[in-house]
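Take a moment with the chain below.

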Amino acid sequence: MFKKRKKMKRIILLLVAAITVVACGKGDDKNESNTKKFNPPAWIQGTWLDSNNIGYKFEVNDFCVIVPTQEICYNQGIFATEVTDVKEEKTDNTYKVSFRLSNATTYIYEFKKKSDTQIIVTTPYKELTKK
C-alpha cells in the first residue's frame with residue numbers, strides 16, 4: 001500500500017510539472033510588441049509606384065501595399081494583430097519578405113534594387129519608381 005501511494009505521488013508530481021511547463025510556454029504570449037514585425041533595409045524605405053500609382057511603401061517597421069484608392073499596411077491598422085510568421089531576407093540589393101495573414105494565407109514578396117530610384121518586383125515582374 002505504501003509503495004502504491006509513493007508511486008502515485010510521483011505520477012501526480014510529474015503531471016503537475018508537465019502541465020506547468022506547457023502552460024508557461026512562450027508560444028501564446030499575447031503581450032509581445034507588434035512594432036517590429038517588419039524591418040525593411042534602408043535602401044528600400046520609401047514609396048515605390050508604377051505608372052498607375054500601384055506599388056509598395058516601406059517604413060522602418062512596416063510594409064504597405066498601395067492601390068489607387070487605399071494603402072494597406074500590415075504592421076498597423078486592421079491587420080496588425082493578424083500578421084504572423086514574418087520572415088525577411090535582406091542584402092544590399094534584395095529584400096524578400098513572407099508572412100501569414102490570419103494563420104491562413106501566406107504572402108511572399110521579393111524586390112530587387114535596379115538603381116537608387118528603381119526597384120523590380122519579381123512576381124509578377126514589375127518595375128517601380130521611388131516617389
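A residue is called buried under 20% relative accessible area, exposed over 50%, and partly exposed in between, using a 1.4 Å probe and protein chains only. Asp85 has a relative accessible area of 41%, so Asp85 is partly exposed. The model is predicted: local features need pLDDT of at least 70, side-chain atom pairs count only at pLDDT 80 or more, and totals for chains, interfaces and linings use all residues. Residues are numbered from 1 along each chain as its sequence is written, and side-chain values use heavy atoms, with hydrogens and water left out.

Start with the sheet. Strands here are DSSP runs of E with at least two residues, numbered from the N terminus. Two strands pair if DSSP finds at least two bridges between them. Nine strands make an open sheet in the order 4-3-2-1-9-8-7-6-5, and the pairing is antiparallel. Strand 4 (70–73) and strand 5 stand at the edges. Each has a single partner strand, so one side of each is left without a neighbour in the sheet. From one strand to the next, the twist averages 25°. Such angles lie between lines fitted to C-alpha atoms, and run from 0 to 180 degrees between N-to-C directions. What holds strands together in general? Strands of a sheet pair through backbone hydrogen bonds, either parallel or antiparallel.

Now follow the hairpins. Strand 3 and strand 4 form one, with two residues between them. Four bridges join this antiparallel pair. Within it, Val65 has Ile72 in strand 4 as its bridge partner.

Strand 6 and strand 7 form another hairpin, with three residues between them. Ser102 in that turn has a positive phi of about 55°. How many bridges join strand 6 to strand 7? There are eight, and the strands run antiparallel. Lys96 stands opposite Glu110 in strand 7. Arg100 stands opposite Thr106, also in strand 7.

Strand 7 then turns into strand 8. These two form a hairpin with two residues between them. Four bridges join them, again antiparallel. Here Phe111 stands opposite Val121 in strand 8.

Next, look at the packing. A nonpolar core is a set of buried Ala, Val, Leu, Ile, Met, Phe, Trp, Tyr and Cys residues joined through side-chain atoms within 4.5 Å. The largest one has 19 residues. Which members touch the most others? They are Tyr56, Phe58, Phe63, Tyr74, Tyr109 and Phe111. Strand 2 (55–59), strand 3 (62–67), strand 6 (94–101), strand 7 (105–115) and strand 8 (118–121) each give two or more residues to this core. The largest share, four residues, comes from strand 6.

Phe58 shows what such packing looks like. Contact means heavy atoms within 4.5 Å. Leaving out residues up to four places away in sequence, Phe58 touches Pro40, Ile44, Gln45, Gly46, Trp48, Phe63, Tyr95, Phe111 and Ile119.

Rings also pair up. Rings of Phe, Tyr and Trp (its six-membered ring) pair if their centres lie within 6.5 Å; planes under 30 degrees apart count as stacked, over 60 as edge-to-face and the rest as tilted. The whole structure holds 19 aromatic pairs. Take Tyr56 and Tyr109: their ring centres are 5.6 Å apart and their planes are at 70°, so the pair is edge-to-face. Tyr56 lies in strand 2 and Tyr109 in strand 7, so the pair ties together parts that are 53 residues apart in sequence. Are these two tyrosines buried or exposed? Both Tyr56 and Tyr109 are buried. Ring pairs also link residues into a cluster, with Phe38, Phe79 and Tyr107 among them.

Finish with the backbone. Most residues other than glycine have a negative phi, and most peptide bonds are trans. Asp85, in strand 5 (residues 83–90), has a positive phi near 50°. Asn53 has a positive phi near 60°. Asn53 lies in the loop between strand 1 (46–49) and strand 2. At 44% relative accessibility, Asn53 counts as partly exposed. Where is the cis bond? A cis peptide bond joins Thr123 and Pro124, with omega about -15°. Pro124 sits in the loop between strand 8 and strand 9 (126–130).
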